[in-house]
Amino acid sequence: MNIQKFMRSKAGTFVLPFAATVMLFVVWELAVLIFKIPPFTLPSPSKIVQASIQFTPQLLAAGWRTLVTTLVGFALAIATGVVLGFSIGYSRLAYLTLYPLLVGFNTIPKVALVPLLAVWFGANEIPAILTAFLLAFFPIAVNVALGLDTVEPEMKDVLRALGATQVEVFQKVGWPHTLPYLFASLKIAASFAFVGSVISESVASNGGMGYLIVQASSSFDVPLAFAALLGLGILGIMLYGFFAVLEKYVIYWAR
Amino acid sequence: MHQPLTQSTPANLSDIDQPPLLEFDHVGLEYPFEGSMRRIIEDVNLSIKPGEFVSFVGPSGCGKTSILKMVSGLNPAPIGEIRCRGEKIKKPLKNVGIAFQNPVLLPWRTTIDNVLLPLEVVQPYKGEFKQKKAQFLDMAQELLTTVRLQDFQKQYPWQLSGGMRQRASLCRSLIHQPEILLLDEPFGALDAFTREEMWGMLQKLWMKVRCVGILITHDLREAVFLSDTVYVMGPRPSNIVHTVKINLPRPRNLEMELSDEFNHLFSEIRRHIHHN
Ligand SMILES: Nc1ncnc2c1ncn2[C@@H]1O[C@H](COP(=O)(O)OP(=O)(O)O)[C@@H](O)[C@H]1O
Ligand SMILES: [Mg+2]
């Protein structure tokens with residue numbers, strides 16, 4: 001079997017990452033066994049699986065809450081990001097007034113805002129939704145604006161010379177041209193939203209994966225904390241995968 | 001709008017006496033440059049008859065692309081005026097087709113859908129696009145067949161070669177039967193063989209529509225091959241320094257390139273470019 005060929009095949013793209021993951025867990029399991037690492041320092045994968053089974057209801061509830069929180073914040077971020085991106089991309093006034101503000105705002109580490117959000121809204125899901133939103137809308141807005149800005153001027157000329165209105169130029173060229181930029185940003189922004197809600201949950205909340213991890217660690221239930229981390233990993237991959245697949249179908253034409 | 005295709009007669013329509021479609025009346029152009037205005041085009045006066053194919057040749061930066069922008073109405077003439085059917089051009093005309101050196105096809109559309117684009121934008125086609133889709137598809141297919149792209153209708157632009165893309169772009173610029181076809185160095189990025197092939201195809205397409213053609217090129221043979229009139233522009237600030245009428249019969253073919261008459265015309269233009 002030709003290794004080069006396998007790496008480029010479809011099966012290779014599935015088998016190789018899977019094999020790498022299995023290898024990681026095997027090495028981890030062996031390391032814990034050989035060096036006799038105590039479970040409250042680093043639990044072995046088998047211990048983590050045990051904890052996952054034992055605490056399945058709690059993990060599912062926390063995971064569900066984090067997912068919903070993330071998605072609500074992310075939906076807000078998409079709406080805001082797209083509107084902002086189009087304003088900046090199309091209006092010189094919006095570009096001059098909003099863009100510096102946005103860039104300035106983006107330099108603030110959003111984690112620093114969580115305590116404030118908790119003071120205003122209480123230790124519940126609202127600060128988590130808002131943190132997810134705040135982290136996620138910026139890359140969307142920037143990419144949408146970039147997409148509009150990179151439409152070839154000749155393409156616009158072709159349409160304008162036909163007497164096309166601004167709206168028609170947008171429909172026929174601006175919007176489809178921006179879609180690949182939008183989708184590229186959605187994959188990133190989904191991960192950002194996810195990070196935002198988990199951070200917020202671990203700083204000030206009453207539920208969700210972040211909260212569960214903090215609770216588990218403070219009662220030295222390290223296997224449970226790791227089970228929650230594992231759950232977060234799975235959720236994150238699912239989110240990214242969803243948008244990656246959606247992208248493939250919607251903008252099949254962008255190589 | 002359609003002239004009967006009388007290919008056997010000397011097809012130089014500019015010889016027939018009829019009112020011009022386009023008139024350049026003391027057209028000038030300047031751009032701000034280092035605090036003052038820099039004159040790009042000095043004073044251009046000429047007129048173009050319906051069905052005439054003209055070329056502008058001249059040194060780089062003399063304002064050839066700017067002339068196309070002024071005619072299209074994308075950037076109306078700031079000094080003097082250009083008139084279309086006697087009316088001053090102040091905003092984008094709707095009856096033009098444009099093709100550039102960069103074919104700018106839309107990557108999310110197949111070749112045939114790219115060619116159909118103008119029909120979705122220009123009246124009266126736009127209003128009847130849904131009802132007459134089948135007829136429009138036939139029109140697009142006919143054009144694509146003329147440029148031998150009939151087997152590539154369903155391909156996406158990135159699946160085509162540079163020359164094929166440019167052919168599709170030409171079809172797009174003509175599908176709505178424009179009165180004026182504007183071409184800005186359309187074959188500048190193609191190799192010499194492909195380019196000569198394109199001349200023949202462009203001529204064939206154009207002879208179907210018989211609109212006014214305005215071609216910008218720095219290939220003097222291309223200008224002679226395709227045009228009824230070649231305008232030679234001088235260096236900036238530019239004027240028309242020489243006008244050459246090409247009376248070769250149409251359809252022209254590549255053998256004519258070897259004829260004395262062709263070469264005589266070629267060297268006449270060449271001489272005027274060098275003497276400036
Ligand atoms: N938007 C613009 N602003 C300032 N100068 C311009 C602009 N567009 C073109 N020019 C100048 O006008 C001159 C003619 O440009 P162009 O018509 O593109 O020349 P050509 O197509 O003959 O090479 C050039 O010197 C260019 O620098
Ligand atoms: Mg030019």
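**Entry 1: domains**

I kept in mind from the start that this is a predicted model. I began with the domain assignment of chain A, which gives domain 1 as 1-36 and domain 2 as 44-250. Their centres, taken over C-alpha atoms, are 30 Å apart. I looked up who takes part in the contact: 4 residues from domain 1 of chain A and 6 residues from domain 2 of chain A.

Then I went to chain B. Its domain 1 comes in pieces, 49-75 + 89-95 + 180-276, while domain 2 is 101-177. Here the centres, again over C-alpha atoms, sit 24 Å apart. The contact draws on 21 residues from domain 1 of chain B and 16 residues from domain 2 of chain B.

**Entry 2: helix α6 of chain A**

I picked α6(A), residues 114-121, and asked which of its residues are buried. I got Val114(A), Leu117(A) and Ala118(A). Down the axis of α6(A), these fall within an arc of 100°, so they line one face of the helix. What do they pack against? The partners are α7 (125-149) and α9 (166-203) of chain A.

I also checked the face turned away from the buried side, and noted Val119(A) and Trp120(A) there, exposed. Just past the helix, Gly122(A) has a positive phi of about 90°.

**Entry 3: helix α3 of chain B**

Next I took α3(B), residues 133-146, with 14 residues. From first C-alpha to last it reaches 20 Å, close to the 20 Å expected at 1.5 Å a residue. Its buried residues are Phe136(B), Met139(B), Ala140(B), Leu143(B), Leu144(B) and Thr146(B). The arc they cover around the axis is only 160°, so they are on the same side of α3(B).

I looked for their packing partners and found α2 (111-116), α4 (162-174) and α5 (192-209) of chain B. After α3(B) comes Arg148(B), and I jotted down its positive phi, near 55°.

**Entry 4: aromatic pairs**

How many aromatic pairs does the structure hold over all chains? I have 20 in my notes. One of them is Phe242(A) with Phe243(A), an edge-to-face pair at 5.2 Å centre to centre and 85° between the planes. I wanted to know if each partner is buried or exposed. Phe242(A) is exposed, because its relative accessible area of 51% is over the 50% cut-off. Phe243(A) has 8% relative accessibility, so it counts as buried, the limit being under 20%.

Another pair I opened is Trp199(B) with Phe225(B), which is tilted: 5.4 Å centre to centre, 40° between the planes. This one links distant parts of the chain, 26 residues apart, with Trp199(B) in helix α5 of chain B and Phe225(B) in helix α6 (residues 220-226) of chain B. I checked burial here too, and both Trp199(B) and Phe225(B) are buried. Helix α5 of chain B had already turned up in my notes, as one of the partners packed against by the buried residues of α3(B).

In chain A I also logged one aromatic cluster, formed by Phe86(A), Tyr90(A), Phe170(A) and Trp175(A).

**Entry 5: charges over rings**

Last, I looked for arginines over ring faces in chain B. Arg38(B) lies over the face of Phe33(B), at 3.8 Å from the ring centre.

Methods:
Residues numbered from 1 in each chain as written. Chains lettered and ligands numbered in written order. Predicted model: local features only at pLDDT ≥ 70, side-chain atom pairs only at ≥ 80, totals over all residues. Heavy atoms only, no water. Helix = DSSP H or I, 4+ residues; strand = E, 2+ residues; numbered from the N terminus. Expected span 1.5 Å × (residues − 1). Buried < 20%, exposed > 50% of the residue type's maximum accessible area, 1.4 Å probe, protein only. Arc of directions from axis to C-beta. Contact = heavy atoms within 4.5 Å. Phe/Tyr/Trp six-rings, centres within 6.5 Å; stacked < 30°, edge-to-face > 60°. Lys NZ or Arg CZ within 6 Å of the ring centre and 35° of its normal. Domains from an automatic or database assignment.
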